[in-house]
Amino acid sequence: MVAGRDTNLLRPATSSGRATFLELFFDLAYVAALTRVSQRFAEVGDDTGWALVAGLGRTLLLFLALWLIWSHTIWITSRYEPERSIIQAVVVGTMFAALVMAVTLPHALEERALPFAVTYLTVMVVRPLVVAAALRGHSRRLVPFRLAAWSTVAAPLWLVGALG
């Protein structure tokens, strides 16, 4: 009985592969976050020399953090059935986190560094654990555990950077 439920979590080969309304709404939230990143790039354009290089590097770091969350979410919705309530909850939670990150993004490496880093780490650690719990007893359960483990290993770097 449990194996059947876990198997239903995986996206079947006969699935249409079309994006759901929730996935499109998630992408819209990410457009807002990426708009904030582009604002940071525009502000860096006024600098020169090493200040320009440092500003571009910082902005690139923020962009890569957003991109990593987006790509993991797309992987989840393509691997698992997006119509299942647990996957929808994961997408909604990630969407909320993306909006929080978008709000903190203009000053995410200054006074709002800690909320940005904590939100990022929450998504990167908790989300795979939720998926792994939903895959209870399934052989693919180890993949989300590995993602959570790598994010946990990187967490002190994010927290030290946010507090420094």
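Of the 164 residues in the chain of this predicted model, 38% count as buried. The fold holds six helices and zero strands. Along the sequence the pattern reads α-α-α-α-α-α. The C-alpha atoms fill a box of roughly 60 × 30 × 20 Å along the principal axes. Take the contacts between residues at least 6 apart in sequence: 73% of these join residues at least 24 apart.

## Helix packing

Two packed helices are described by the angle between their axes and the distance between the axes.

| Helix pair | Axis distance | Axis angle |
|---|---|---|
| α2 and α3 | within 9 Å | roughly 175 degrees |
| α3 and α5 | within 11 Å | roughly 20 degrees |
| α4 and α5 | 9 Å | about 175 degrees |

Start with α2 and α3. Their axes cross at roughly 175 degrees, which makes α2 roughly antiparallel to α3. By class, this contact has 16 nonpolar, four polar and four charged residues.

Next come α4 and α5. The angle between them is about 175 degrees. Angles over 145 degrees count as roughly antiparallel, so α4 is roughly antiparallel to α5. On the α4 side the contact uses I86, V90, T94, A97, V100, M101 and T104. On the α5 side it uses P115, F116, T119, Y120, V123, R127, V130, V131 and A134. The class count is 12 nonpolar, three polar and one charged.

The pair α3 and α5 is arranged otherwise. Helix α3 spans residues 49-79 and helix α5 spans residues 113-134. Their axes cross at roughly 20 degrees. Angles under 35 degrees count as roughly parallel, and α3 and α5 are therefore roughly parallel to each other. The crossing is left-handed. From α3, the residues L62, A65, L68, I69, H72, T73 and I76 take part. They meet F116, Y120, V123, M124, R127 and V131 of α5. By class, that contact has 10 nonpolar, two polar and one charged residues.

## Nonpolar cores

Which residues have the most contacts inside the largest nonpolar core? They are L66, I69, F116, Y120 and W158, in a core of 27 residues. The elements giving two or more residues to this core are α2 (21-44), α3, α4 (85-104), α5 and α6 (142-163). Helix α5 gives the most, with seven residues.

A second, separate core has nine residues. Among them are I76, Y80, V90 and V131.

I69 belongs to the largest core. Setting aside residues up to four places away in sequence, I69 touches Y30, T94, M101, Y120, V123, M124 and R127.

## Selected residues

V123 sits in helix α5. Its relative accessible area is 7%, so V123 is buried. Beyond residues up to four places away in sequence, V123 touches I69, T94, A97 and P128. V123 and A148 are 25 residues apart along the chain, and their C-alpha atoms are separated by 9.5 Å.

H72 lies in helix α3. Is H72 buried or exposed? The cut-off for buried is under 20% relative accessible area. H72 has 19% relative accessibility and therefore counts as buried. Leaving aside neighbours within four places in sequence, H72 is in contact with M124, R127 and L147. M124 and R127 are also among the α5 residues that meet α3.

R40 is found in helix α2. R40 is a charged residue by class, and it is buried, with a relative accessible area of 7%.

G164 is in the segment after α6. Its relative accessible area is 92%, so G164 is exposed. What is the C-alpha to C-alpha distance between G164 and E110? It is 9.3 Å, and the two are 54 residues apart in sequence.

Key
Residues are numbered from 1 along each chain as its sequence is written. This is a predicted model: local features need pLDDT of at least 70, side-chain atom pairs count only at pLDDT 80 or more; totals for chains, interfaces and linings use all residues. Side-chain values use heavy atoms; hydrogens and water are left out. Axes are lines fitted to C-alpha atoms, for helices over the stretch in contact, and angles run from 0 to 180 degrees between N-to-C directions. Helices (H or I, at least four residues) and strands (E, at least two) are DSSP runs, numbered from the N terminus. Angles under 35 degrees count as roughly parallel, over 145 as roughly antiparallel, 65 to 115 as roughly perpendicular and the rest as oblique. A crossing is left-handed if the near helix is turned anticlockwise from the far one by less than a right angle, and right-handed if clockwise. Contact means heavy atoms within 4.5 Å. A nonpolar core is a set of buried Ala, Val, Leu, Ile, Met, Phe, Trp, Tyr and Cys residues joined through side-chain atoms within 4.5 Å. Buried means under 20% relative accessible area, exposed over 50%, partly exposed in between (1.4 Å probe, protein chains only).
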